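Please look over the sequence and the model below before reading the briefing.

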Amino acid sequence: MWNAGRETSSPGTALSEKQAKKEKERLIKELQLITEERNDLRDRLRFLTERSMKNMPHFRPNPYYEDLERMEEVVMSILHNLEMENTVIHENSHKLKKEITFSR
């Protein structure tokens, strides 16, 4: 009679504990996959945000880099001018050679 108040584990309870354990493992795996996906998406977002920040006009990454860009523009401009002068000089030289050849 003193055992009347105690509950004993039944086969139905053991089965539901096994199911609960399997469900718990499945949920843990699913959570790990979701966490991994979240981290990947966060990394992508960080990459895209940093890239777009560099293209913003108010973003100043490095003053030396900006100086180099300006210097590059100046040098490229000088190079272009020299190429144009070279072309003109070459054309003039070619004309002079023709005149010299024709006058002989």
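The points below go through the fold, the salt bridges and the surface.

This is a predicted model, and its chain contains two helices and zero strands. Of the 104 residues in the chain, buried residues make up 1%.

- Arg26 and Glu30 bring their side chains together in a salt bridge, with a distance of 3.0 Å from N to O.
- Because these two residues stand four residues apart in helix H1, which covers residues 11–55, Arg26 and Glu30 are separated by about one helical turn.
- Arg26 is partly exposed, its relative accessible area being 41%, and Glu30 also counts as partly exposed, at 36% relative accessibility.

- The side chain of Glu66 meets that of Arg70 in a salt bridge of 3.9 Å, taken from N to O, and both residues lie in helix H2, which spans residues 63–103, where four residues, or about one turn of the helix, lie between their positions.
- Is Glu66 buried or exposed? Glu66 has a relative accessible area of 17%, and it counts as buried because that value falls under the 20% limit.
- Arg70, by contrast, counts as partly exposed, with a relative accessibility of 46%.
- Arg70 also forms a salt bridge with Asp67, and here the closest N and O atoms are 2.7 Å apart.
- Arg70 and Asp67 are three residues apart in helix H2, which is again about one turn of the helix, and Asp67 is partly exposed, with a relative accessible area of 34%.

**A network of shared partners**

**The surface of the chain**

- The chain exposes about 10700 Å², and carbon and sulfur atoms supply 59% of this area.
- Which residues make a nonpolar surface patch of about 280 Å²? The patch is made by Val74, Ile78 and Leu82, and Val74 is found in helix H2, the helix that also holds Glu66 and Arg70.

Methods
Residues numbered from 1 in each chain as written. Predicted model: local features only at pLDDT ≥ 70, side-chain atom pairs only at ≥ 80, totals over all residues. Heavy atoms only, no water. Salt bridge = Lys/Arg side-chain N within 4 Å of Asp/Glu carboxyl O. Buried < 20%, exposed > 50% of the residue type's maximum accessible area, 1.4 Å probe, protein only. Areas by Shrake-Rupley, 256 points an atom, 1.4 Å probe, with all protein chains shown as cover. Patch = residues over 30% accessible without salt bridge, like charges linked within 9 Å, V, L, I, M, F, W, Y side chains within 5 Å.
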